[in-house]
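Subject: Structure handover

Hello,

The structure is below for your files. My notes on it follow.

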Amino acid sequence: TVVPPIGAFLQASLAAEKVLSEQVVNHLNSCNYIVDLFSGIGTFSFALAGKGAHIWAYDGDEEAVYALLNAVNRSAGRVNVDADVRDLERRPLSAHEFNKIDGVVLDPPRAGAKQQCEALSGSSVSMVSYVSCAPRTFARDVRNLVDGGFTLKSVVLINQFSWSTHVELVGCLER
């Protein structure tokens, strides 16, 4: 159980969160070592760790990361998640920091993850699940990943914002 800090980002509905998590977990199911970038309070970290993967979670929101770590500590060793506060806009993980990592989940803010995708393109990571609420920056970042050797296998749209033009999506990429 995660106790989110005041103002923490949460998905708009539990049903949409479930669909997003299922897409990410199904895609990265064969991965044993996963990095969760822009992890927030650990929505995807915990879903993936529940399947037995080891997760390294990074986010620039200190309170969100502490909420994630508190939940890990309360799990009494039932989940294998490490987390660290890191401003991924100013200090993205470098290509060599992905050594021995076989999967990555990205869930950046609307501005996307341009620098992080540039580093991922130069890494040996074989699978990426990219969750986005901004199709324009998603397209820009996926172009960078495709230019770096990934293939976009699928895109699933989730309309969790009724009466709005906004959508959430999950793109699954592989090398």
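Of the 175 residues of the protein chain, 47% count as buried, where buried is under 20% relative accessible area, exposed is over 50% and partly exposed is in between (1.4 Å probe, protein chains only). The model is a predicted one, in which local features need pLDDT of at least 70 and side-chain atom pairs count only at pLDDT 80 or more, while totals for chains, interfaces and linings use all residues. Residues are numbered from 1 along each chain as its sequence is written, and side-chain values use heavy atoms, with hydrogens and water left out.

The protein chain exposes about 8800 Å², and carbon and sulfur atoms supply 52% of that area (Shrake-Rupley method, 1.4 Å probe; for residues, only the protein chains shown count as cover).

The chain has five helices and seven strands, taken as DSSP runs numbered from the N terminus (helices H or I, at least four residues; strands E, at least two). Their order from the N terminus is α-β-α-β-α-β-β-α-β-α-β-β. Among contacts (heavy atoms within 4.5 Å) between residues at least 6 apart in sequence, 64% join residues at least 24 apart.

Cores

A nonpolar core here is a set of buried Ala, Val, Leu, Ile, Met, Phe, Trp, Tyr and Cys residues joined through side-chain atoms within 4.5 Å. The largest has 24 residues, and V24, L28 and L48 have the most contacts inside it. At least two residues of this core come from each of α1 (14-27), α2 (43-49), β2 (54-59), α3 (62-74), β3 (81-85), β5 and β7 (168-174). The largest share, four residues, is from α1. Leaving aside neighbours within four places in sequence, L48 touches V24, V25, L28, I34, A53, I55 and V105.

Helix α4

In α4 (residues 114-121), the buried residues are Q116, C117, A119, L120 and S121. They pack against β1 (33-37), β4 (103-106), β5 (127-132) and α5 (135-147). C117 itself has a relative accessible area of 0%. Another cysteine, C31, is buried at 5%. The structure holds zero disulfides, by the criterion of a pair of cysteine sulfur atoms within 2.5 Å.

Rings

Rings of Phe, Tyr and Trp (its six-membered ring) pair if their centres lie within 6.5 Å; planes under 30 degrees apart count as stacked, over 60 as edge-to-face and the rest as tilted. There are two aromatic pairs by this rule. One of them joins Y130 and F138, edge-to-face, at 5.2 Å centre to centre with 90 degrees between the planes. Both partners are buried: Y130 has a relative accessible area of 0% and F138 one of 7%. Elsewhere, R175 lies over the face of F150, at 4.0 Å from the ring centre (a charge sits over a ring if NZ of Lys or CZ of Arg is within 6 Å of the ring centre and within 35 degrees of the ring normal).

Backbone

F38 is not a glycine, yet has a positive phi of about 65 degrees. This residue is in the loop between β1 and α2 and is buried at 10% relative accessibility. K100, also not a glycine, has a positive phi of about 70 degrees. K100 lies in the loop between β3 and β4 and, at 75% relative accessibility, is exposed.

Regards
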